[in-house]
Amino acid sequence: MGSITLKNVSKVFGEAKVIPSIDLEINDGEFVVFVGPSGCGKSTLLRLIAGLEDVSGGQILIDGKDVTQSAPAERGLAMVFQSYALYPHMSVRNNIAFPLKMAKLDKAVIDKKVTDAARVLNLTDYLERRPSQLSGGQRQRVAIGRAIVREPSAFLFDEPLSNLDAALRGTMRLEISDLHHQLKTTMVYVTHDQVEAMTMADKIVVLNRGNIEQVGSPLDLYKSPRNLFVAGFIGSPKMNFVDGAYAQSKNARTAGIRPEHLNLSKDSGLWTGTVKVAEHLGADTFLHLDVDGIGQITARCDGEFGAHYGDKVFLTPDEAKLHRFDDKGSALRA
Amino acid sequence: MATQNTKTLARLMMAPSVLLLLVWMIVPLAMTLWFSFQNYNLLNPGNVSFAGFFNYQYFYTDPAFFQSIWNTLVIVGGVLLITVVGGIAIALLLDQPIFGQGVVRILVISPFFVMPPVAALIWKNMIMHPGYGVLADIAKFFGLRPVDWFAQYPLFSIVIIVAWQWLPFATLILLTALQSLDGEQKEAAEMDGANFFNRFIYLVLPHLARAITVVILIQTIFLLGVYAEILVTTNGGPGYASTNLAFLIYRTALLGYDVGGASAGGIIAVVLANIVAFFLMRAVGKNLDR
Amino acid sequence: MARNVTTRHKVTATVAAWVVALIIFFPILYTLITSLKTEPEAIAGFSLIPSGTFENYVTVQTQRDYFKPFMNSVVLAVGSTILALIIAIPSAWAMAFSPTKRTKDILMWMLSTKMMPAVAVLVPIYLMFRDFGLLDTRIGLTVMLTLINLPIVVWMLYTYFREIPGEILEAARMDGAGLWQEIVYVLTPMAVPGIASTLLLNIILAWNEAFWTIRLTTTNAAPLTAFIASFSSPQGLFWAKLSAASTMAIAPILILGWFSQKQLVRGLTFGAVK
């Protein structure tokens, strides 16, 4: 079991209202990702759930039980820290065993659990080493191992992959997703990387300045962002925003069109643009264009579409995939 | 939650050291201040009376006072000059790849661990003695007349001894700072065509600025109070030629038994030290914010 | 070609560094050599080769009772350091792990007490020691040295403790460790290296303190600093013996210092240079 409910939760540091008020429902077994730019309050929110920070107002319920005043260890949660926070003076074995030792479990039970966790995480050969003798990815696994053995009702991850290089990040992403499928335990995951959010989450919570901008599945957020902020944050490369006459013709203040929803042609189209930069990724090419009367536009096209610096290109937005926003930046529904 | 408890606990944990230092600082200092306004001589302890500013006036008009202030400044300035310049030079040298770096380092820092009386006696007898010292041997070898260092150049001799003790400290700190200089920066400068001299002026020296400040300030604190070296070698003489403020106060208090006069001198020393301390605290405090 | 230049550079630097190092070390070396000479040899002019007698060491012990000031030095240095650590560890701990707005001010103030010139309080301290019968006692001097070095000890410990990452403590709390368990299993093992360095540096500082140890003692509690200073009055030529005494006075701390050179920089600059 591992459902988490936030009711009216707020957090104030001195004068600064980091989180004005948040209501959120996290269901048992869900993989929920908090995503947002740095300083949006996502880590604070996670730490409030963990109990590492006291709430300024509101309630936190885990499995329906009010834990607002409970100590971190009493909440039945496990956390994986950004720096991994491994105990440098303990072997891998003792690191993983530490929470079990604190829970005063039998030595035989502890040994078995540690051995099992090490097998799952491919750490069996490293059990006697110190954290300083491990690679970044291995340390990450030890941190996860320390979380797993407690059999928590939910895992909390605080930007766990940000200290790894790009290749390892991809691998660990898969490993964590795989772990979620095996354990079927609730996971709450904080990141500023929208790719991590899109690829791992069942449910994404987009945060901005301590407020929830939108909650939904990755595809929900991609297909129908509720406002400009979400539209700009989710999706890579970023959505193009077009103001002025074109937007007005669509009865909107701002029109949003994703780079992948622009049809490109070398002969004719609605807009005319000049290629400033062409990024050839192989299968795809990203074109950064200077479009007459519109400005900077990013378009995504097939890798076969030969375009180079200075070329003239014609673009036509796919009207069906157009996003429209009003004066306040909220999305207009058709 | 537990934050209030934690705070109370933290206060309790800090209390012993804070209280001890508070008492240690305030009580003697208050007594010194009080004595500095009294006529109080240990040879005549029954006869204590209020002296107003007499002790300060007495100290101020004593020719030895100005000489001792001047000597204090010479010792501080001279030692700083030698140790900072020498320290930078030696640190640069030790920062090069050399064979036996570990041993060289140990040899260079060793004088710092020599207790002041020993350092002074070694220099006085083994090195600077006009009859049997090594320097005299060298002078004789070249057919020169040996110098009687402590008679002819008492203050300079003391500067040399103290500089020898503090050179390792400066070297070690500057070397540590030097080694924290980013290697890529040096390579970038090399690629940019900067020669050794330019690299030193534009890259190394600015990088060392903070370490140099720290060396100067910390050494100053200790150098203002140079005592054992003088006691063991010249005993402040000839005359007052090598008496610094600390030594003068000691003489007044424990040789002249003049509690009032010594206390007035002590207060002057506090004022002097505070001027230095002010700058040191700012330098260290800045580092805390980082 | 490039490799050749580097080697030549290295050889040049090596020669220069060794020459400088030997000049700086020379007074200590020469003291050691002289201590192994006979008295006539010691004043017979420059010579680096002693006859190799250990007689001087024996004489220093039998005539001047070297062992007594040595033991005083050990008791004072170790005693005052341990006392300072007992007082300082909780303080530094609290300041590093539950800092308040005033923590920085308190630290700076502690540092400022270190700036007080010793001579400024010589008179009241001397009178107080006299009135309380603490002159020339080990206990009095131990307390004195403890107070003198307490700010440095607090500071050094603070800079070490501050480097223990807060996330580790949070991880321990998440793992169910109570305050006591946190201290025993997580904090103490991580703090031990810092405490050990502080201990080492402070013993060195206390061992070499040469103002109060000389002024507040005469015979009973006199440590090596006072013992050696008493040789300053020339009572005839006895350089070989003086060298033997000097060698014995500095040797233990010199060796201790060699081991702690890395921590020395940190400790003496209050963490400003690492």
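Student: Is the crossing of H9(C) and H12(C) left-handed or right-handed?
Tutor: The model is predicted, and the answer describes its coordinates. H9(C) and helix H12, residues 239-259 of chain C, have axes 10 Å apart. The crossing of these two helices is left-handed.

Student: Are H9(C) and H12(C) roughly parallel or antiparallel to each other?
Tutor: The two helices pack at an angle of about 155 degrees. Angles over 145 degrees count as roughly antiparallel. H9(C) and H12(C) are therefore roughly antiparallel.

Student: By class, how many nonpolar residues are in the contact of H9(C) with H12(C)?
Tutor: H9(C) contributes Leu200(C), Ile203(C), Ile204(C), Trp207(C) and Asn208(C), and H12(C) contributes Ala249(C), Pro252(C), Ile253(C), Leu256(C) and Gly257(C). The class count gives no charged residues and two polar ones. The number of nonpolar residues is eight.

Student: How is H8(C) oriented relative to H9(C), roughly parallel or antiparallel?
Tutor: Helix H8 of chain C covers residues 166-174 and helix H9 covers residues 179-208, and their axes come within 11 Å. They cross at roughly 160 degrees. That makes H8(C), relative to H9(C), roughly antiparallel.

Student: What is the handedness of the crossing of H8(C) and H9(C), and how many charged residues are in their contact?
Tutor: The crossing is right-handed. On the H8(C) side the contact uses Ile168(C), Leu169(C), Ala172(C) and Arg173(C), which meet Glu182(C), Val186(C), Leu187(C) and Met190(C) of H9(C). By class there are six nonpolar residues and no polar ones. The handedness is right-handed and the number of charged residues is two.

Student: Is Leu93(B) buried or exposed?
Tutor: Leu93(B) lies in helix H3, residues 63-94 of chain B. Its relative accessibility is 18%, and the cut-off for buried is under 20%. Leu93(B) therefore counts as buried.

Student: Leaving aside neighbours within four places in sequence, which residues is Leu93(B) in contact with?
Tutor: Leu175(B) is 82 residues away in sequence and 9.2 Å away in space, C-alpha to C-alpha. The contacts of Leu93(B) are with chain C residues: Ala13(C), Ala16(C), Ala17(C) and Val20(C).

Student: Which residue just after H6(C) takes a positive phi?
Tutor: H6(C) spans residues 122-131, where Leu122(C), Val123(C), Pro124(C), Ile125(C), Leu127(C) and Phe129(C) are buried. Just after this helix, a phi of about 65 degrees belongs to Gly133(C).

Student: What percentage of the residues in chain A is buried?
Tutor: Chain A has nine helices and 19 strands, and its C-alpha atoms fill a box of roughly 75 × 45 × 35 Å along the principal axes. Of its contacts with a separation of 6 or more, 64% join residues 24 or more positions apart. Among its 334 residues, the buried share is 52%.

Definitions and conventions: Residues are numbered from 1 along each chain as its sequence is written. Chains are lettered from A and ligands numbered from 1 in the order in which they are written. This is a predicted model: local features need pLDDT of at least 70, side-chain atom pairs count only at pLDDT 80 or more; totals for chains, interfaces and linings use all residues. Side-chain values use heavy atoms; hydrogens and water are left out. Axes are lines fitted to C-alpha atoms, for helices over the stretch in contact, and angles run from 0 to 180 degrees between N-to-C directions. Helices (H or I, at least four residues) and strands (E, at least two) are DSSP runs, numbered from the N terminus. Angles under 35 degrees count as roughly parallel, over 145 as roughly antiparallel, 65 to 115 as roughly perpendicular and the rest as oblique. A crossing is left-handed if the near helix is turned anticlockwise from the far one by less than a right angle, and right-handed if clockwise. Contact means heavy atoms within 4.5 Å. Ala, Val, Leu, Ile, Met, Phe, Trp, Tyr, Cys and Pro count as nonpolar, Asp, Glu, Lys and Arg as charged, and the others, Gly among them, as polar. Buried means under 20% relative accessible area, exposed over 50%, partly exposed in between (1.4 Å probe, protein chains only).
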